[in-house]
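Please look over the structure below before reading my points.

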Amino acid sequence: IPSAVADERSGKDDDARQLYEKALNIYPDFAPATERLGVIAYRHKDYANSIKLLRQSSEKMGNDPDCYYYLGLDYYQLKQRPESKQALQHVLSMHPVSSIESDAKRVLAELK
């Protein structure tokens with residue numbers, strides 16, 4: 001998985017996607033790989049698939065701010081305002097220590 005993360009960080013989403021999918025073939029319940037596939041799907045504007053993957057991941061990982069952040073963005077892109085608000089408010093309730101907190105606040109302000 002470290003090489004998948006490196007590929008993802010360097011913008012090689014296709015390479016990262018392949019590595020995460022291989023990881024899931026070996027470890028089907030490995031939620032971090034499912035989450036990262038959801039994030040890659042989001043970046044490729046495949047919002048419905050991203051939601052499916054991120055929901056699967058959130059069921060296994062619990063309260064992961066990144067997961068709910070991208071869920072909120074997916075719902076925002078699909079103009080599902082209540083779902084977007086709920087996911088982004090959940091992110092803020094977890095008090096994440098990163099740039100996602102300020103971005104989540106920005107998107108929530110747009111939803112009002």
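1. A residue is called buried when its relative accessible area is under 20%. Tyr47 has 14% relative accessibility, so Tyr47 counts as buried. Tyr42 comes to 17%, so Tyr42 counts as buried too.

2. Keep in mind that this is a predicted model. The mean pLDDT of the protein is 86. Of its residues, 88% reach 70 or more. Where pLDDT is low, the predicted coordinates should not be read in detail.

3. Now take helix H3, residues 31–43. From first C-alpha to last, its 13 residues reach 19 Å. That is close to the 18 Å expected at 1.5 Å a residue. After H3 comes Lys45, with a positive phi near 60°.

4. How many of the 13 residues of H3 are buried? The count is 10, so H3 is largely enclosed by the rest of the structure. Among the buried ones are Ala33, Thr34, Glu35, Leu37, Ile40 and Tyr42.

5. Next, the largest nonpolar core, which has 22 residues. Tyr69, Tyr70, Leu71, Leu73, Leu88, Val91 and Ala104 touch the most other members. H5 supplies the largest share, seven residues.

6. Which residues does Leu71 contact, leaving aside its neighbours within four places in sequence? They are Ile51, Leu54, Arg55 and Ala87. There is also a second, separate core, of seven residues. Its members include Ala16, Ala33, Ile40 and Leu53.

7. Last, the aromatic rings. The count comes to three aromatic pairs. One of them joins Tyr42 and Tyr47. Their ring centres lie 5.6 Å apart, with 55° between the planes, and the pair is tilted. Tyr69 and Tyr70 form another aromatic pair, this one edge-to-face. Here the values are 5.1 Å centre to centre and 75° between the planes. Both Tyr69 and Tyr70 are buried.

8. Look at these rings together. Ring pairs link Tyr42, Tyr47, Tyr69 and Tyr70 into a cluster. Tyr42 is one of the buried residues of H3. Tyr69 and Tyr70 are among the residues that touch the most other members of the largest nonpolar core.

Conventions: Residues numbered from 1 in each chain as written. Predicted model: local features only at pLDDT ≥ 70, side-chain atom pairs only at ≥ 80, totals over all residues. Heavy atoms only, no water. Helix = DSSP H or I, 4+ residues; strand = E, 2+ residues; numbered from the N terminus. Expected span 1.5 Å × (residues − 1). Buried < 20%, exposed > 50% of the residue type's maximum accessible area, 1.4 Å probe, protein only. Core = buried A, V, L, I, M, F, W, Y, C linked by side-chain atoms within 4.5 Å. Contact = heavy atoms within 4.5 Å. pLDDT = per-residue confidence, 0-100. Phe/Tyr/Trp six-rings, centres within 6.5 Å; stacked < 30°, edge-to-face > 60°.
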